[in-house]
Amino acid sequence: MVRTGSASVAAGPTLAVVAREAGVSVPTASKVVNGREDVAPETRRRVTEALDRLGYVRRPRFDAAKTSGLVDLVVHSLETSWSGAVLHGVEAAAHDAGLEVVVSAALTRNRAGRPDRGWMDKLTARGSSGVLFNLAELTSSQYSWLDQHRIPYILIDPVLEPPPGVASVGAANWQGGVTATEHLLALGHERVAVVAGHQRKMCSSARVAGYRSALAAAGIRQRPEYVRHAGFDESAAQRRTLELLDLPEPPTAVFVCSDHMALGVYEALAERGLSVPDDISVVGFDDLPEARWTTPALTTVRQPLSEMAATALRLLVRMMEGDRPESTRTELSTRLVERASTAPPRD
């Protein structure tokens, strides 16, 4: 079952009750609910806290028969080539569907660690017909809010395992980890390390699981010290690589769970005067433009980011029309792109 908010909206406090609780007028509370900007920050904070505390539920706006022709794309950041690929895929699919897209780089929690209602208020005010979330980490209350307002939504590459019934689109991360590791093993490497992302993130844990499965299938002993986590951060990847190089028996090859982190691996190897791939082979993951710009060009596992985003948009359109996807999880295939950063180990 796909969570499209089909459940009826429970009765809750009126706007007048919220206004009284926050110590403001009903028109002021209404401005906050509808995402108006002409409200003082302190007043907005009091009203927002009252909304959360009392469990106020806005009236559903979505009507599949009266779509606004507008969908929202909420991305983790607008500063990376990853986001650029996602934007490209969503824009192309939206154009084909005759839809317009509003893009925002929204934080799902405020500075106090509480769920941030800012993007929810604006979503309600715009009357968007659906939402795509990319790399989002939503809270249970935000999932409930979307369901209560009957707004269709899909997650693109979710950070954590979504709740049951939530539709998502991602890449075959486990198989990608297998493919990257098998490539290095086929070249003759037996001391293969992995620089992973966050331990708790779905994509990272799946890639590491694929790495381990490939080693086990080849009869290669798994070394715990060869598994390092760098949180998808370039500087942390550089530090983790230096730690690997300081081991009594350092690896001859490294599988890096993102192209961005691979840049940090390259920096660490250069710092030690080591050459890629003569001294150490490196395989990345993503196939972002950076993979082609490095020297040597990076062998990497391509995940089809634009295709993932376009697929999510097309599924969202179906949900807006009242259809339900056959499966809540859609995975697109990954494939190895061989370049110049891998070679057989030295004798």
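**Entry 1: α9 and α10.** I began with this pair, in what is a predicted model. Helix α9 covers residues 234-245 and helix α10 covers residues 259-271; I get an angle of about 45 degrees, with the axes 7 Å apart. I noted the crossing as right-handed.

Which residues meet here? On the α9 side I listed Glu234, Ala237, Gln238, Thr241, Leu242 and Leu245. Their partners in α10 include His260, Met261, Leu263, Gly264 and Val265. Sorted by class, this contact has 8 nonpolar, 4 polar and 3 charged residues.

**Entry 2: α7 and α8.** Next I looked up helix α7 (residues 173-186) against helix α8 (residues 202-217). Their angle is about 40 degrees and their axes lie 7 Å apart. This pair is therefore oblique too, and α7 and α8 cross in the right-handed sense.

From α7, I found Asn173, Trp174, Gly177, Val178, Thr181, Glu182 and Leu185 in the contact. From α8, the residues include Cys203, Ala206, Arg207, Tyr211 and Leu215. The contact of α7 with α8 splits into 9 nonpolar, 5 polar and 2 charged residues.

**Entry 3: the cores.** Which members of the largest nonpolar core touch the most others? I have Val195, Tyr211, Phe255, Val256 and Val282, out of 40 residues in that core. At least two core residues each come from α7, β6 (192-196), α8, α9, β8 (253-256), α10 and β9 (281-286). The biggest contributor is α10, with 6 residues.

Setting aside residues up to four places away in sequence, its contacts include Val254, Val256, Val265, Tyr266 and Leu269. Val276, Leu298, Thr299, Ser341 and Thr342 are also among the residues that Val282 touches.

I also noted a second, separate core of 29 residues; Ala309, Leu313, Leu316 and Leu332 are among its members.

**Entry 4: Thr43.** Last, I checked a residue in helix α3, which spans residues 41-54: Thr43. Is Thr43 buried or exposed? The cut-off for buried is under 20% relative accessible area. Thr43 comes out at 17%, so I wrote it down as buried. Apart from neighbours within four places in sequence, Thr43 is in contact with Val24 and Thr28.

Terms used: Residues are numbered from 1 along each chain as its sequence is written. This is a predicted model: local features need pLDDT of at least 70, side-chain atom pairs count only at pLDDT 80 or more; totals for chains, interfaces and linings use all residues. Side-chain values use heavy atoms; hydrogens and water are left out. Axes are lines fitted to C-alpha atoms, for helices over the stretch in contact, and angles run from 0 to 180 degrees between N-to-C directions. Helices (H or I, at least four residues) and strands (E, at least two) are DSSP runs, numbered from the N terminus. Angles under 35 degrees count as roughly parallel, over 145 as roughly antiparallel, 65 to 115 as roughly perpendicular and the rest as oblique. A crossing is left-handed if the near helix is turned anticlockwise from the far one by less than a right angle, and right-handed if clockwise. Contact means heavy atoms within 4.5 Å. Ala, Val, Leu, Ile, Met, Phe, Trp, Tyr, Cys and Pro count as nonpolar, Asp, Glu, Lys and Arg as charged, and the others, Gly among them, as polar. A nonpolar core is a set of buried Ala, Val, Leu, Ile, Met, Phe, Trp, Tyr and Cys residues joined through side-chain atoms within 4.5 Å. Buried means under 20% relative accessible area, exposed over 50%, partly exposed in between (1.4 Å probe, protein chains only).
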